[in-house]
Structure formats: structure tokens, C-alpha cells
Amino acid sequence: MTDIADTINAMHRAVRDADTPKGQGRSIVLSRIYDADVEDVWEACTDPERLGRWFMPVAGELKPGGSYQLEGNAGGEILRCEQPRLLRVSWIYGPPQQDGFSEVEVRLTPEGEDRTRFELEHIAIVPAEFWDQFGPGATGVGWDLSLVGLGRYLAQGDSFDRAEAQAWSESAEAGELMTASSEAWRAAHVAYGAPEEIAAKMADATTKFYVPGA
């Protein structure tokens with residue numbers, strides 16, 4: 001595993017307001033560059049076998065207009081699929097809520113022959129009581145971990161060991177990474193306009209959620 005500070009600094013984070021068909025929501029955006037060509041990154045994110053190695057097993061009718069379900073996690077519909085540049089899906093935990101909205105969009109941009117800029121945007125209408133407790137880090141830290149996993153998978157290829165990666169996610173080093181990620185989302189929240197004290201309180205709650213005893 002690379003140095004934690006370098007891993008955190010490899011990602012750019014932003015918090016934004018977002019209009020949705022169901023009202024005002026919020027958006028978190030993560031981006032980083034991977035040392036892999038755009039087709040490789042696209043396949044790692046859309047091929048079921050490859051996606052299941054570094055992210056989660058997925059089932060469904062994986063084509064535009066189809067639906068998907070991640071094992072033990074979110075599911076939804078595939079809204080747009082423009083190979084190898086853009087993928088947008090609805091992102092729903094449990095039964096859809098009438099006034100809810102949650103979508104994830106992945107955008108890939110070539111940065112030369114063997115590098116790809118990966119950008120993920122998660123737009124959602126977040127219940128006020130949840131946002132007021134945790135802020136953007138509640139979702140952001142989880143996505144940070146996913147992007148770290150994708151980076152390790154792209155770098156290691158066939159030698160990537162899912163069981164080893166799962167064991168690492170429960171290690172003290174992973175706890176340090178999640179703590180640093182929560183702090184990075186605090187900074188992004190302040191840049192968005194949140195008062196320092198409020199952002200710090202939310203980040204502290206997020207850190208304790210991901211790293212009990214922190």
C-alpha cells in the first residue's frame with residue numbers, strides 16, 4: 001500500500017448543490033488519474049467479472065434500460081452507457097422512496113495513451129437528519145475506499161487478490177486511510193461553504209462511524 005497521504009492527495013473532492021427532478025439535492029464529486037488506458041478502466045468498471053473482483057459482485061440485465069443489483073448493497077437502473085466515456089445509474093438502497101433521488105455517474109477521460117482521468121459524481125436528496133449528522137463524508141469515505149480498490153486492481157491485474165484486499169479493509173492501515181479521508185471531506189465541505197465548526201463535528205461523527213473507537 002502506498003503512503004496514506006499520497007493516496008488521499010491523489011484524489012480531488014468537491015461538494016456541490018445539485019438540481020434533481022425531485023428537488024434540491026447535493027452532489028459529491030471525486031476524481032483522480034489512473035495509470036491505465038481508458039478501455040481498461042472502462043472494462044474494470046462495467047465487466048461483471050472484473051467489477052466483482054475489486055468492488056462487489058453484481059447481477060442483472062447489464063445494458064442501457066436494464067437493472068443491476070450489487071450483492072448486499074445498492075441496486076437500480078442503468079440510465080446511460082456511452083462506452084468508454086460515461087456510465088450513469090440510479091443508486092438505491094432498499095425500496096425506492098417516493099421523494100428520494102440518488103444517481104451515480106462515472107466519467108472517463110483519456111490523459112495520454114496510458115492514463116485515464118476517472119471522475120465519479122453521486123447526486124442525491126439526502127435526508128436532513130442524516131446530512132446534519134455526517135455531512136458529505138458519510139458517502140465520500142466509502143467512495144474513496146472504492147477508488148483506492150480500483151487503483152490497486154488496475155496496478156496489480158491478475159495478481160490482485162480479493163480476499164487479501166478484504167482483509168486489508170479491516171486493518172489498522174485502512175482505519176488510518178478512512179480517518180484521513182474523513183478529514184479530506186471535512187476540508188471539501190468547508191470549501192463548499194460549511195462553517196468550520198459544523199464541518200468538523202460532522203467529520204468527527206463520520207470518522208467514528210467508519211473507525212469505531214477513533
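User: How much space lies in the second largest cavity?

Analyst: About 30 Å³. A cavity is a set of points on a 1 Å grid over the protein atoms alone where a 1.4 Å probe fits but cannot get out. Points are joined across faces, edges and corners, and the volume is the space filled by probe spheres set on them. This is a predicted model, where local features need pLDDT of at least 70, side-chain atom pairs count only at pLDDT 80 or more, and totals for chains, interfaces and linings use all residues. Residues are numbered from 1 along each chain as its sequence is written, and side-chain values use heavy atoms, with hydrogens and water left out.

User: Which residues line the second largest cavity?

Analyst: Lining residues have an atom within 4 Å of a point. Here they are Ile8, Met11, Val141, Asp144, Leu145, Val148, Leu177, Met178 and Ser181. Helix H5 (137-156) and H7 each give two or more, and H5 has the largest share, with four residues. Helices are DSSP runs of H or I, at least four residues, numbered from the N terminus.

User: How do the residues of that lining divide by class?

Analyst: Ala, Val, Leu, Ile, Met, Phe, Trp, Tyr, Cys and Pro count as nonpolar, Asp, Glu, Lys and Arg as charged, and the others, Gly among them, as polar. This lining has seven nonpolar, one polar and one charged.

User: And what volume has the largest cavity?

Analyst: About 40 Å³. Its lining includes Phe134, Trp185 and Met202, and helix H7 (172-192) and helix H8 (196-210) each give two or more residues. By class, that lining has six nonpolar, four polar and one charged.

Definitions and conventions:
On a 1 Å grid over the protein atoms alone, a cavity is a set of points where a 1.4 Å probe fits but cannot get out, and a pocket is an open set with protein on both sides within 12 Å along at least five of seven lines; lining residues have an atom within 4 Å of a point.
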